[in-house]
Amino acid sequence: MSEIYYSTADHDADRRPAAAATGRRFPGTLRLAGTVVLVLALGLMAALVVNAVNGWGLGGPAAVTLCIFIAAVWFWIFSPVEDTYVALGAAVALVISGVLPSESLFAALGEDTVWLLMAAFVIASAVASTGLAGRGAAFIISGARSVRQLAHLSCLGLIVTAFAIPATSGRAALVLPIFLTLRRVLQDRPTVVKMLAVLFPTVILLSAVSSFLGAGAHLITSQILQAAGYPGFGFASWLLLGLPLALAASFLATELVLRLFTDRSDRAEPLRINTARLQEDNPQRISGPLALAEQRCLLLLCTVVALWCTESIHGLDPALVALIGALVVCLPAYGATDLGTALKTVPWSMLIFMAATLALGSSLVSTGAADWLASLILGPVSFFGAAKPYVFVVVVVVASTAAHLVIQSRSARSAVLIPVIVASAGAMGVEPMAAAFASTAAAGFCHTLTSSAKPVAIFAETGGHVNYVPADLLRLSVWLAPLSAGLVLLFSLAVWPLLGLPIISLP
């Protein structure tokens, strides 16, 4: 159960090998679909240019932005080119075309959310290096006396990791050794092992919504809202809205996985996992008093999270708090790591992707392209009259839940969906911030294919051992997709309004 940590992002480069190996099962069909969509996209681009040239309601900058946006979406869906490369290429194209000032592109790299995420990864690398995760996992797992207890205690532990490690792929890599130890300890109970293999990535993905740093898509959503003139979200506001949903979705999904992958006899058989067996695979101590480095890291992590949650009291920017925490955790003769080593764990590709997609999303909003696209795609919802706000919310949640089937990067999905949703929400009688949050929360479901998300790919096969097959994921998704979408709709309409985020605009 030795601790490892890979600084991988929720998107692009890390998901491509898995996609190539497991997700693209019908390359001929995919090429044909890509060709058909490409022809349609080129036709739409030509129509946009004609529209702009003739002054039929769409200005030149908006037409250029839409053409670049359509091209980026096509490359994200149908090409093997890394998502970061596509996003950065689209941003550069906007600058060259004169739609986006070069200063705006470079300023995006200096956004406070970029610094926040960078510093958070530095803190996370220090936390991982101390062995705190292994100790916490041993404490939780050793208390299980049944398969159901093991599943729900594991779920609770996985939710907690959302506040220590940014990005779902980093969390998956962190807890993988824990799963491997459980697989060895429970090798005589293969159905329980399969259940745990499915459970770990399922909870990691669904619980990401609990934390503002749980996925890069959360920061992109907030930045696009701010570019459109809305307040956006902070760590505390996201926690207030996201944690209840994460708890409900994760524990319901845990019960679902239990019932799908174990039978009554499996769940009835007693279970006992002692600390000594867990210690066998862990070179670091997982019991007894905390070491000095562990105490310092735990104190720092709790302090940073507390300061993030109380920003309204002390006024310190979350990015500044994260930077101070990163400096402390790398302090010579005191910290758990050194700054040079910690910076190597930062997913720079993800940060560049965020900056580039922010530039693209801002251009969609500022040129009016998002308004035009929203009226084209979501305009028909207005025909439902008084029911249109509710129909709009349902359409947003369902589309966001299913979007992973065509755009496998969660961050790219937010870059595509959020500008359109924000631009159309007001006219539909829906609060834009609530609609954007619901879309981002619904996008947390991405379990259908092995290539749909990095955590799913990580746990599918480990060390040459197949833990689950695509049929298992399809079996899970048939039940989990409507459950996840239904929960987001329930929270949107009944829970979040009580927490200060109404979904329906007052007349």
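Which residues does leucine 158 touch, not counting those up to four places away in sequence? Hold that one for a moment. A quick word on the model comes before it.

This is a predicted model. Its mean pLDDT is 80. Of its residues, 85% reach 70 or more. Confidence is highest in helix H23, residues 432–442, at a mean of 94. It is lowest in helix H1, residues 12–23, at a mean of 39. Look also at the start of the chain. Over residues 1–26, pLDDT stays under 50. The model still has 91 contacts there beyond four places in sequence. Please read that stretch with its confidence in mind.

Now the overall picture. The protein has 507 residues, and 55% of them are buried. The secondary structure comes to 25 helices and two strands. Take the contacts with a separation of 6 or more: residues 24 or more positions apart account for 79% of them. The accessible surface is about 20100 Å². Carbon and sulfur atoms hold 70% of that surface.

Back to the opening question. Leucine 158 touches Arg171, Val175, Phe200, Val203, Ile204 and Ser207. Leucine 158 sits in helix H8, which covers residues 147–161. Buried or exposed? Leucine 158 is at 4% relative accessibility, so it counts as buried; the cut-off is under 20%. One more distance here. Alanine 172 lies 14 residues from leucine 158 along the chain, and their C-alpha atoms are separated by 9.2 Å.

Next, helix H9, residues 168–185. How far apart are its end C-alpha atoms? They are 25 Å apart. At 1.5 Å a residue, the 18 residues should span 26 Å, so the two values agree. H9 does bend, though. The bend is about 35°, at valine 175. That is one of the residues leucine 158 touches. A proline, proline 177, follows the bend within four residues. How many of the 18 residues of H9 are buried? The count is 16, so H9 is mostly covered.

Last stop, toward the other end of the numbering. Serine 477 is in helix H25, residues 470–495. Its relative accessibility is 8%, so serine 477 counts as buried too. What is serine 477 in contact with, leaving aside neighbours within four places in sequence? The answer is Phe445, His447, Thr448 and Pro482.

To recap the two residues. Leucine 158 is buried in the model, and its contacts include Val175, where H9 bends. Serine 477 is buried as well, and Pro482 is among its contacts. That is the tour.

Note on methods: Residues are numbered from 1 along each chain as its sequence is written. This is a predicted model: local features need pLDDT of at least 70, side-chain atom pairs count only at pLDDT 80 or more; totals for chains, interfaces and linings use all residues. Side-chain values use heavy atoms; hydrogens and water are left out. The expected span of a helix is 1.5 Å times one less than its number of residues. The bend at a residue is the angle between axes fitted to the seven residues ending there and the seven starting there. Buried means under 20% relative accessible area, exposed over 50%, partly exposed in between (1.4 Å probe, protein chains only). pLDDT is the predictor's confidence in each residue, from 0 to 100. Contact means heavy atoms within 4.5 Å. Accessible areas come from the Shrake-Rupley method with a 1.4 Å probe; for residues, only the protein chains shown count as cover.
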